[in-house]
Amino acid sequence: MTAPFEPGRGYRLNPDVALRPEPFGALAYHFGTRRLSFLKAPDLVELVRGLGSHRSVSDALAAVPDGRRDVYLRALAALAASDMIVPQPDRSEMP
Amino acid sequence: MQQDTRADPSPAGADHDLGLGQEPGTGEPGITEELLVEEVSIDGMCGVY
């Protein structure tokens, strides 16, 4: 079962997921669940690729224009629900 | 002698003001949500992979 999406946490692309660039954005394939997701905006693909370099999803969304933030947040929540993005390990647990 | 006992001081045509004071879009279904992510399962598509 997938944990609830928490924008206050850091997330990253699931290592089991491959992103293939497409003219509309990207195709994400999850090798574990064998599910495909269409990411239908190049900006969203960029956001997902760079997600791991931010401390939280909210931080990552700071670069998104105000009016678009909710849409991108819902998109990331959908990707988290399908395990395409996963929470980053707690930094305090890292060596 | 007749007196005008009408209590309604509203000007003629006031009946056509229905809707004034309502916020635009109140009670309307939400704008179609833009979906940036669509999911597809390829389970059962034998021979594709």
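Modeller: Two residues are said to be in contact if their C-beta atoms, placed from the backbone, lie within 7 Å. The model before us is predicted, and this rule is applied to its coordinates.

Biologist: Which residues does Val48(A) contact, leaving aside its neighbours within four places in sequence?

Modeller: Val48(A) is in contact with Leu13(A), Leu39(A), Leu79(A) and Ile85(A), once those neighbours within four places are set aside. Because contact requires C-beta atoms within 7 Å, each of these four residues meets that cut-off with Val48(A).

Biologist: What makes a group of residues a nonpolar core, and which members of the largest one touch the most others?

Modeller: The members must be buried residues of nonpolar kinds, joined through C-beta atoms within 7 Å. The largest such core has 21 residues, and those touching the most other members are Leu39(A), Leu44(A), Val48(A), Ala75(A), Leu76(A), Leu79(A) and Ile85(A). In chain A, strand E3 (25-30) and the helices H1 (42-50), H2 (57-61) and H3 (66-81) are the elements that give two or more residues to this core. H3(A) gives the most, with five residues.

Biologist: Why is Arg69(A) called partly exposed?

Modeller: A residue counts as buried with 20 or more other C-beta atoms within 10 Å, and as exposed with 12 or fewer. Arg69(A) has 14 C-beta neighbours inside 10 Å, so the residue is partly exposed. Arg69(A) belongs to helix H3 of chain A, and beyond four places in sequence it touches Leu61(A) and Val64(A).

Biologist: How do you know whether the radius of gyration of chain A agrees with that of a compact globule?

Modeller: For 95 residues, a compact globule would have a radius of gyration near 12 Å; chain A has 13 Å, and therefore the two agree. The C-alpha trace of chain A spans about 40 × 35 × 20 Å along its principal axes. Buried residues make up 24% of chain A.

Biologist: How many helices and strands does chain A have, and how many does chain B have?

Modeller: Chain A has three helices and five strands, in the pattern β-β-β-β-α-α-α-β along the sequence. Chain B has zero helices and one strand.

Biologist: Why are some strands of the open sheet said to stand at the edges?

Modeller: The order of the four strands is E2(A)-E3(A)-E4(A)-E1(B), with antiparallel pairing. Strand E2 (17-22) of chain A and E1 of chain B each have a single partner strand, so one side of each is left without a neighbour in the sheet. Neighbouring strands are turned by 20° against each other on average, direction ignored. H1(A) packs on this sheet, touching E2, E3 and E4 of chain A, and its direction makes about 50° with that of E3(A).

Biologist: How many residues does each chain bring to the contact between them?

Modeller: Chain A brings 14 residues and chain B brings nine. On the side of chain B, these are four nonpolar, one polar and four charged.

Methods
Residues are numbered from 1 along each chain as its sequence is written. Chains are lettered from A and ligands numbered from 1 in the order in which they are written. This is a predicted model: local features need pLDDT of at least 70, side-chain atom pairs count only at pLDDT 80 or more; totals for chains, interfaces and linings use all residues. The radius of gyration is taken over C-alpha atoms; the globule rule is 2.2 Å times the number of residues to the power 0.38. Ala, Val, Leu, Ile, Met, Phe, Trp, Tyr, Cys and Pro count as nonpolar, Asp, Glu, Lys and Arg as charged, and the others, Gly among them, as polar. Two strands pair if DSSP finds at least two bridges between them. Axes are lines fitted to C-alpha atoms, for helices over the stretch in contact, and angles run from 0 to 180 degrees between N-to-C directions.
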